[in-house]
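This report is written for a reader meeting the structure for the first time. It moves from individual residues to the chain as a whole.

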Amino acid sequence: FDFRRFDIYRKVPKDLTQPTYTGAIISICCCLFILFLFLSELTGFITTEIVNELYVDDPDKDSGGKIDVSLNISLPNLHCELVGLDIQDEMGRHEVGHVDNSMKIPLNNGVGCRFEGQFSINKVPGNFHVSTHSATAQPQNPDMTHVIHKLSFGDTLQVQNVHGAFNALGGADRLTSNPLASHDYILKIVPTVYEDKSGKQRYSYQYTVANKEYVAYSHTGRIIPAIWFRYDLSPITVKYTERRQPLYRFITTICAIIGGTFTVAGILDSCIFTASEAWKKIQLGKMH
């Protein structure tokens, strides 16, 4: 019994093979092509791919029906003692002059104010607004020109390959608007989930925004401007998932590249060699 009979890769003695210039050129091109494809596949295997999907659900069920909000806004022509944050929603919440986790920083030698606050809202339609409603004495001509530095919901996602509207109002400048005008920012909040390779999930929110500017009068005829952020939640959730190509798929692709390239190159070389030999025979026939 000879175990070598199972060898399907029978070896041809070297003295029975014939090297050619065409075969050498094809072999070199074949190796360079394989190297190029291998490096391309290796780059794709190492790189983390981010896949996104849409579905209808509340992703963060452990939040207790709350969304964390971070607001940073500057009002360069309104004193800090006049600036306040009010929160309302359809669950009956009505809070005037919210002060928890908030800070007021005087600007322009006390003429203006920068308001920074972190608070939570319920997952129902509502609004929060920056106004003078909580002030003990209402000013005659409150100036609501402002710059929004940051307005974000949920966790902060700092992922390079994810480009979303997590801070869509960041950098909004209304310094040249009518000082007595109210500003309405209508927000559509979209729940967003980011899942890394380890399976850990972070919950954030993107939002789209539309805005309008108008002069509002109270029942006494006075102008009491405010900066309104009216929000509603979208039922659609966006999920980003980090994925890396499986090792078996990488190995399968490399084998397909090497085998396919060598097979095609062998067929091409065989065709060229056969055609060359036939041409030589034709030439020899003409000579005789």
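Thr-192 has a relative accessible area of 0% and is therefore buried, as the cut-off for that class is under 20%. The model discussed here is a predicted one. Thr-192 belongs to strand β10, which covers residues 182–195. Its side chain reaches the backbone oxygen of Val-190 at 3.2 Å. Leaving aside residues up to four places away in sequence, Thr-192 touches Phe-166, Val-238 and Tyr-240, together with Arg-202, Tyr-203, Ser-204, Tyr-205 and Gln-206.

Strand β10 also contains Tyr-185. With a relative accessibility of 1%, Tyr-185 counts as buried. The side chains of Tyr-185 and Arg-174 are joined by a polar contact of 3.5 Å. Arg-174 is also one of the residues that Tyr-185 touches when residues up to four places away in sequence are not counted. Others among them are His-146, Ile-148 and Leu-169.

**Residues in loops**

Asn-101 has a phi near 55 degrees, which is a positive value in a residue other than glycine. This residue is found in the loop between β4 (94–95) and β5 (102–107). Asn-101 counts as exposed because its relative accessibility is 63%, and the class begins at values over 50%. Asn-108, likewise not a glycine, also has a positive phi near 55 degrees. The loop that holds Asn-108 runs between β5 and β6 (112–122). Asn-108 is classed as partly exposed, with a relative accessible area of 47%.

**A patch on the surface**

Leu-35, Phe-38 and Leu-39 form a nonpolar patch on the surface. Together these residues have about 260 Å² of accessible area. Leu-39 is located in helix α1, which spans residues 21–46. The relative accessible area of Leu-39 is 44%, so this residue is partly exposed.

The table below gathers the accessibility of the residues described above.

| Residue | Relative accessible area and class |
|---|---|
| Thr-192 | 0%, buried |
| Tyr-185 | 1%, buried |
| Leu-39 | 44%, partly exposed |
| Asn-108 | 47%, partly exposed |
| Asn-101 | 63%, exposed |

**The chain as a whole**

The chain holds two helices and 13 strands. Its radius of gyration is 35 Å, whereas the globule rule gives 19 Å for 288 residues, so the chain is more spread out than a compact globule. Taken along the principal axes, the box filled by the C-alpha atoms is roughly 120 × 50 × 30 Å.

Of the 288 residues in the chain, 34% are buried. The accessible surface of the chain amounts to about 17800 Å², and carbon and sulfur atoms account for 58% of that surface.

Notes: Residues numbered from 1 in each chain as written. Predicted model: local features only at pLDDT ≥ 70, side-chain atom pairs only at ≥ 80, totals over all residues. Heavy atoms only, no water. Patch = residues over 30% accessible without salt bridge, like charges linked within 9 Å, V, L, I, M, F, W, Y side chains within 5 Å. Areas by Shrake-Rupley, 256 points an atom, 1.4 Å probe, with all protein chains shown as cover. Salt bridge = Lys/Arg side-chain N within 4 Å of Asp/Glu carboxyl O. Helix = DSSP H or I, 4+ residues; strand = E, 2+ residues; numbered from the N terminus. Buried < 20%, exposed > 50% of the residue type's maximum accessible area, 1.4 Å probe, protein only. Polar contact = N/O pair within 3.5 Å; in protein donor to acceptor, adjacent residues only side chain to side chain. Contact = heavy atoms within 4.5 Å. Rg over C-alpha atoms; globule rule 2.2 N^0.38 Å.
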